[in-house]
Amino acid sequence: MKTIQYLTETAEETKKIARDLAMTLKGGEVILATGPLGAGKTAFCQGLGKALGVEGIINSPTFNLIKVYKGKTKTLYHVDCYRLENADEEKKDLGLDEVFGDPDTISYVEWPMYGNNYLLDYHPVIKVDFTYLDEDKRKIVITDERQ
Ligand SMILES: Nc1ncnc2c1ncn2[C@@H]1O[C@H](COP(=O)(O)OP(=O)(O)O)[C@@H](O)[C@H]1O
Ligand SMILES: [Mg+2]
């Protein structure tokens, strides 16, 4: 397990960190993004998408729960469990067992703590935790269970 901490001062810098992480992805990885609203979780996913060759605009999947984007060689699953906080286990089941680990996919999950037990017990994952320091400053801690 490897942990790296970053400080960013712009959304672009946050996206750059995501692009660097994307370079290490082989397919099948699960990335769990935590931190308060507005901390930059979706901005990070935009950086990932760019590196994966996604052409459309990546925005928050809060109301859809999952958005699927075709990249150059991989499909990006952008999941947001925010609205599942008080849902029962059946409703929390988004069928992610069909996706996680599939080498043609990269999964990025916001608010994973509200996900179902399958998601909560899944390993290895790459955790990305965001702390809001001020309007433009964020602390980003990446804990990578792959190594
Ligand atoms: N250093 C930074 N990193 C990421 N986002 C930043 C940063 N500074 C300002 N922002 C802004 O903060 C907001 C983050 O929103 P978003 O990525 O949707 O957050 P979340 O998905 O965590 O709720 C965006 O408007 C972004 O432009
Ligand atoms: Mg978001």
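Start by selecting Thr42: at 17% relative accessibility it counts as buried (under 20% relative accessible area, with exposed over 50% and partly exposed in between, using a 1.4 Å probe and protein chains only). You're in a predicted model, where local features need pLDDT of at least 70, side-chain atom pairs count only at pLDDT 80 or more, and totals for chains, interfaces and linings use all residues. Residues are numbered from 1 along each chain, chains are lettered from A and ligands numbered from 1 in written order, and side-chain values use heavy atoms, leaving out hydrogens and water.

Next, show the magnesium ion (ligand 2): Thr42 (OG1) and Glu110 (OE) coordinate it at 2.2 Å. Donors here are N, O and S atoms within 2.8 Å of the metal (3.2 Å for Na, K and Ca); water is not among the atoms, so sites may look incomplete. The pair sits 68 residues apart, with Thr42 in helix 2 (residues 41-52) and Glu110 in strand 5 (residues 105-110). Helices (H or I, at least four residues) and strands (E, at least two) are DSSP runs, numbered from the N terminus. Glu110 is buried too, at 3%.

Now hop to helix 1 and pick its buried residues: Thr14, Lys15, Ile17, Ala18, Leu21 and Ala22. They cover an arc of only 155 degrees around the axis, so they lie on the same side of helix 1; the arc is that of the directions from the helix axis to the C-beta atoms.

Last stop, ligand 1. A nitrogen atom of ligand 1 is 2.8 Å from a polar backbone atom of Asp136, and an oxygen atom of ligand 1 is 2.8 Å from one of Ala43.

Note on methods:
A polar contact is a pair of N or O atoms within 3.5 Å; within protein, one must be able to donate a hydrogen and the other to accept it, and residues adjacent in sequence count only if both atoms are side-chain atoms.
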